[in-house]
Amino acid sequence: MYKLLRGVACCQHAASSGVNVNGISQVGRRLLSTATGHADPADEQVLSKRKFKPQDAIEANEQPAVELPGNSRVVICGGGITGASVAYHMGLQGWGGETLLIEQDAVGGDLPWSACGLAGRFEPSYTELKLSEYSIDLIKRLTQGGLPTGWRQVGSLNLARNFDRMTSFHRMKSQAVAWGINCEILTPEQCRQHCPLISLDGIEGGLWIPEDGVCDPHLVCKAFIEEARRLGVRIVEHCAVKKIHSANGKVARVETTAGDVDCEYFVNCTGFWAREVGTLSKPVVKVPLKAVEHHYLHTKPIAELDPNTPFVRDFDGRIFFRECEGHILAGGYEREAKMVYEDGIIPLSQEARQYPPDWDHFHELLDALLQRVPSFREASLDRLTNSLQVFSPDCKWILGEAPEIQNYYVAAGNKTMGVSASGGIGRVLTDLITKGSTYLDLHILDISRFLGLHNNRKFLRDRCKEAPGKHFEINYPFEEFQTGRNLRMSPIYPQLKAAGAVFGQSMGYERPNYFDLNDKQDEFGLPRFRIAQTRTFGKPPWFDHVATEYRACRERIGIADYSSFTKYDLWSKGNEVVELLQYLCSNDVDVAVGSIIHTGMQNPNGGYENDCSLARLSERHYMMIAPTIQQTRSMSWIRKNTPNHLRSKVNVADVTSMYTAICILGPYSRILLSELTDNDLTPKSFPFFTYKELDVGLADGIRVLNITHTGELGYVLYIPNEYALHVYSRLHQAGQKYNVQHAGYYATRALRIEKFYAFWGQDLDTFTTPLECGRSWRVKFNKQTDFIGRSALLKQREEGVKRMYVQLLLNDHDHEVDMWCWGGEPIYRDGVYVGMTTTTGYGYTFEKQVCLGFVRNFDEQGRELAVSNEYVLSGHYEVEVAGVRFEAKVNLHSPNLPTKFPDREREAYHATRDKPDQADLLSFSTTNLTMTRH
């Protein structure tokens, strides 16, 4: 039998029999005793607790080796690599003497072989990539400064077994130009040249990233700690946090086993315990994380193993391996991870967290490893460690200020790539604490992207079985999770499912992505729950379904479920709500009752914290409609930025779950709605961009907004949930004569892209300003209130913008055979890289690929210059799609699409405008008031 397999058999036998085996370490014997039910008393004490209460890390009769200060401006909890990085960066900012780091055990841990040590640059998003890039550069600087880090730049070899994986590599290669990464597409033979160990069986090619490397996370953590101490940070070990106290909504004091510390800022970097530490405050800070098993296989030293062997990832085999001090360290990600600590009680010591290895569970990965590197069969096994890792519900890092308590920061969920993330996370958290902002848009990682449901333990148990497996899967467009579904559903969900809806999920909400009348019932004749899947980079399988829905919205009537939109009510007894919104919003919200205002909520740098619509229901009452993903984030922003004198006078209520939102859109939508209400819906009585409360069918109190968020004519009806099914049934029944058709998210998204509508979270983010994206006409500089971001926007208006939002229509692109644009494609002007696409899709009217994105102007030295309309319109454009460039026509303003049903209202409104001083359009006069569209 092969040596490695013999090692496997010996370890399995030892674990099952409890017999000691020569070569098994003291830690291994401890693991075997735990596996056979003979845990140490200390472990039993921890595991017997039914609620998280940190145990004292020292004997009761001993005094702490270092006494805690009575106060410290910043308290960092957790001495792992992330907490150490935050401490180091606080020292760099000159806050070292005001920073305290506490650790329940020893900083850095005591089992350095429980991590893989890959320091790689390529991550799924620009933000994650830049954080990793900074981390690697920092590790290099520490190494050059004489600190031991184990850093070696060996490069990473990434293997592909199929066409789609190679396509994803080509997309990464295209992005690398924009992101400043040196990488190369390889043939199978070139892959073997970089790593002679591998078998080419089933390999289609690879991606080589020469500047990636490996390091020792344990040493890097120690280096951070050493430098933090040098910079004045006080570090106290064997000190566990007991409670975090707040006052007036802000962090005030931290209670520990070694005493209390008054503080202004608290940073939760506790890794495995971040979720439980979140429960130690009132209100509870929700940190959705779950621990799963994660194995690392270590061989014994291998003769003549090249120390410069690259870090190899066989994504489709779900495995990786690297050289580590003369032996091989390997691991991978199972399709379904195994949960641990189901009751939420996690042992405090790292040694106690070492689960017995599960060879049955690791077997699939072992087979893939031996297939890829047959010579490993001759290697001798040292150990298989089950070190455990924690994952978030969406498999991304979690960081930022907690929505529940101001000045409470979180950095957790770094998966197995903590060393790649730690440096960048330490820097951005330090920037947020010391400066209030940082150099990257962090919304994709911000803790406010979650709701309370994501912190539900049973939800985490289901979702985090699936999340780790996503780590090595192909990053297809619109990828959906299969677990944690059927959670948030509108009252009309059963009718939509019966109508053939194929669902996507956003913030836990099931919303139809498209409708497919085929195979919509199960074997019992009941409506089937189906999850949308794209799983291609070319023409998607739902293309034809979306085309029919799109045409219905343009030519007849489409009916769509908008219930997932974020919905707030804001009101006050006096004029305070107007004062607050004038301060938070860059547009003028003091408009006539019944008006709808599109506005941004800008940060001090002028970037978008929110992009929303406000309907003025009465003099002192507004309804806010915002993107689905803003449900937690918007509330946090409003609370944080409400001036003190208004806090007790303005009420803000999240009414998202109180209303079902149904949109009817298309040229016959006014006729349809008029059949169900007694109100006059003519343009004179109910103009575009206005609100009315209507009776619909037999129901009353329906909030109706004369907008669709797509550029098409129509209405969004916000219906109290008890009336939702009735109103939907009446709309659908009355619409049959007009051949009404259900429309999903993909169809309404296609409409928005053609109309050049920006999406928050894709086109608009915390670094994008209204002046850059054709929305300066929504910024009212002349209103009396000095709104947030006004100074920055005035400065930008004076100096000129450095990038401009454009729409690009691809020529000579065959949507049947060519790879599609899915966002993140490089844009070239006259052969020079100038920007990236943000939102993309197929334009069913244009019959072309439509890309939205930003264009910059670089001089020969790479410096950014101001961008003007003339500069944008004078260039020749190309968009690179997976390595192939396509010519493109550029637009600076929303186009008027050809239609069989021309309408003055629709044609007059341009969401994106190329003239900053363009006047507001469409003024309608009524008997009692003038409604001006904003």
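Start with the charged pairs: the structure holds 49 salt bridges, each one a side-chain nitrogen of Lys or Arg within 4 Å of a carboxyl oxygen of Asp or Glu. Before you click around, note that this is a predicted model, where local features need pLDDT of at least 70 and side-chain atom pairs count only at pLDDT 80 or more, while totals for chains, interfaces and linings use all residues. Residues are numbered from 1 along each chain as its sequence is written, and side-chain values use heavy atoms, with hydrogens and water left out.

**Stop one: Arg275 and Glu276.** Select this pair and you'll find their side chains joined in a salt bridge, 3.6 Å from N to O. Buried here means under 20% relative accessible area, exposed over 50% and partly exposed in between (1.4 Å probe, protein chains only). Arg275 is buried at 12%, and Glu276 is buried at 7%.

**Stop two: Lys338 and Asp358.** Here the closest N and O atoms of the salt bridge are 2.5 Å apart. Both residues lie in the loop between strand 17 (327–332) and helix 10 (359–372), so the bridge ties together parts 20 residues apart in sequence. (Helices, H or I with at least four residues, and strands, E with at least two, are DSSP runs numbered from the N terminus.) Asp358 is buried at 14%, whereas Lys338 is partly exposed at 32%.

**Stop three: Lys539 and Glu816.** This salt bridge has its closest N and O atoms 3.0 Å apart. Lys539 sits in the loop between strand 23 (509–515) and helix 14 (543–555), and Glu816 in the loop between strand 35 (803–810) and strand 36 (826–829), so the pair links parts 277 residues apart in sequence. Lys539 is partly exposed at 26%, and Glu816 is partly exposed at 45%.

Next, select Arg318, Glu466, Lys470, Glu473, Glu479 and Arg535: salt bridges with shared partners join them into one network.

**Last stop: a cavity.** On a 1 Å grid over the protein atoms alone, a cavity is a set of points where a 1.4 Å probe fits but cannot get out, and lining residues have an atom within 4 Å of a point. There are 7 cavities of 30 Å³ or more. Of its 14 lining residues, Trp542, Arg749, Ala750, Gly841 and Tyr842 lie nearest the centre. Helix 19 (745–754) and strand 37 (832–843) each supply at least two lining residues, and helix 19 gives the most, with 4.

Methods
On a 1 Å grid over the protein atoms alone, a cavity is a set of points where a 1.4 Å probe fits but cannot get out, and a pocket is an open set with protein on both sides within 12 Å along at least five of seven lines; lining residues have an atom within 4 Å of a point. Grid points are joined across faces, edges and corners, and a volume is the space filled by probe spheres set on the points.
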